[in-house]
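User: Hi! Could you walk me through this protein, step by step?

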Amino acid sequence: MKLKFGMVGGGGGFIGNVHRQGAQLDVLAVLTAGSFSRNDEKNKETAALWGVEDSNRIYSSYQEMADTEAALPEDIRIDFVSIVTPNNTHYPIAKYFLEKGFHIVCDKPLALTSEQGEELEKLSREKGLLFGVTYTFTGYAIVKQAQEMVKSGMIGKIINIQAEYPQEWLLVGLNAAHSDQATWRMDPQVSGPSGCCADIGSHAESLIYKITGLRPKRVIAKFDTIPKTLKLETNVQILAEYGDGISGLIWTSQVALGHETELRVRIYGETGSLEWSHIKPWELRYTKINEPPQIYTTSRDYLFPSAQRLCRLPTGHIEGYYEAFGNIYREYCTALIAKKNGQDDQNDHRYDYPTVHDGIKGLYFVEACIESNGKNNTWVEVK
Ligand SMILES: NC(=O)c1ccc[n+]([C@@H]2O[C@H](COP(=O)([O-])OP(=O)(O)OC[C@H]3O[C@@H](n4cnc5c(N)ncnc54)[C@H](O)[C@@H]3O)[C@@H](O)[C@H]2O)c1
């Protein structure tokens, strides 16, 4: 079975095109409809570029798309929609499509507030609809290997977690002649109550959770707005407690000149440690107590089968961002096909993709950080 999907957003933007390719990497889904931009010309241009040939299925608004698709016979209409628009539109678009009975894939942050996120989860449960949230970095094969190594006790009890996600692009973008992406990300009306923390701190948090199964129980956060003329924070430092005596630090920045997209996580245990960096995302550094560090790489027989399954190319052939998206979409589409065949429902965790629930947890984390920063950097419990 091949699924049909539609997309809201993406026309001329960044992440829509990545979703388009990731979703279709395994030929489990075909882009069939879209409202790619509110600009009519850009909408049509994108549809032509991306092979959406039926002009009746290029829609001038997401409402028109949901209404029209919902009225089509079941074997013709789209099965799910990918939402790849700026943050403030995720909630209304997802809600509208859920109400019309469509399954959802939405980019992060899930919504502007956790209340909105909770409402979306409730609605998707009530309607029995699958809802994926694309925390990209959880889709890397070697990240899955790290998760399996932690689970099987290869680093012992976790004692400390260090993560950082420095980028320079926002400062570069704001100084460029024109950057829509940098501009909306610094507008609270569009981006929401947080800038850097919601935009990329949420990636660091979801990555830590993916590998360790741990989420912060309380945080102290300090937000810096650099340059000061901006309306949202661009540099964030977080002290986190994960319970059971485990603490950690997270630093995320979008004004760290010299760093492109340098997400890195280090997990320290009593008998070993793991380090993964997005600079070489096919490598995992493992150090066992009193032994020299080893580098695990993708597509090797020594990987756990669940990690091996996510590798797509022979050893040494570089896999990255598209493949990580492909892995998330493959899990999501496989779950949806199973569901359509009456074999599954969204409470079955056999399929390993981040869900609306993970999206809500990400919002709880960001909200606790906002609160801590606003309370002179005091400890705040994460819901
Ligand atoms: N998972 C990741 O790794 C990742 C990476 C980048 C961005 N994102 C998220 O993806 C979302 C989009 O980010 P981006 O960088 O691609 O932004 P962008 O500005 O490059 O693209 C947004 C697109 O949405 C379109 N759009 C806006 N409102 C619309 C509407 N009502 N109907 C149809 N189209 C509409 C715009 O025309 C544009 O094409 C954000 O929420 C961001 O946080 C996630």
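User: Great. What should I know before we start?

Analyst: This is a predicted model, where local features need pLDDT of at least 70 and side-chain atom pairs count only at pLDDT 80 or more, while totals for chains, interfaces and linings use all residues. Residues are numbered from 1 along each chain as its sequence is written, and side-chain values use heavy atoms, with hydrogens and water left out.

User: Okay. In what order do the five strands of the open sheet come?

Analyst: The order is S2-S1-S3-S4-S5, and the pairing is parallel. Strands here are DSSP runs (E, at least two residues) and helices are too (H or I, at least four), numbered from the N terminus. Two strands pair if DSSP finds at least two bridges between them.

User: Which strands stand at the edges?

Analyst: Those are strand S2 (29–35) and strand S5 (131–133). Each has a single partner strand, so one side of each is left without a neighbour in the sheet. On average, neighbouring strands of this sheet are turned by 20 degrees against each other, direction ignored. For that angle, axes are lines fitted to C-alpha atoms, for helices over the stretch in contact, and angles run from 0 to 180 degrees between N-to-C directions.

User: How many bridges are there between S3 and S4?

Analyst: Strand S3 (residues 80–83) and strand S4 (residues 103–106) pair over four bridges, in the parallel sense. As an example, isoleucine 83 has cysteine 106 in S4 as its bridge partner.

User: Let's look at alanine 29. Is it buried or exposed?

Analyst: Alanine 29 is buried, with a relative accessible area of 2%. Buried means under 20% relative accessible area, exposed means over 50%, and partly exposed is in between (1.4 Å probe, protein chains only). Alanine 29 has its place in strand S2.

User: And what does alanine 29 touch?

Analyst: Leaving out residues up to four places away in sequence, alanine 29 touches Lys2, Leu3, Phe5, Ala23, Gln24, Phe80 and Cys333. A contact means heavy atoms within 4.5 Å. Alanine 29 and phenylalanine 80 are 51 residues apart along the chain, and their C-alpha atoms are separated by 9.4 Å.

User: Moving to helices, how many residues of H1 are buried?

Analyst: Seven of the 10 residues in helix H1 (residues 15–24) are buried, and the helix is mostly covered. Among them are Ile15, Val18 and Ala23. The buried residues of H1 pack against strand S1 (3–8), S2, S3, S4 and helix H12 (321–340).

User: What about strand S11? How enclosed is it?

Analyst: Strand S11 (residues 272–277) has six of its six residues buried, so it is largely enclosed by the rest of the structure. Gly272, Leu274 and Trp276 point one way from S11, while Ser273, Glu275 and Ser277 point the other way.

User: Which strands does S11 pair with?

Analyst: Strand S10 (residues 264–269) runs antiparallel to S11, joined by five bridges, and a hairpin connects S10 to S11 through two residues. Strand S12 (residues 283–288) is also antiparallel to S11, with four bridges, and the hairpin from S11 to S12 goes through five residues. In S12, arginine 285 is the bridge partner of glutamate 275.
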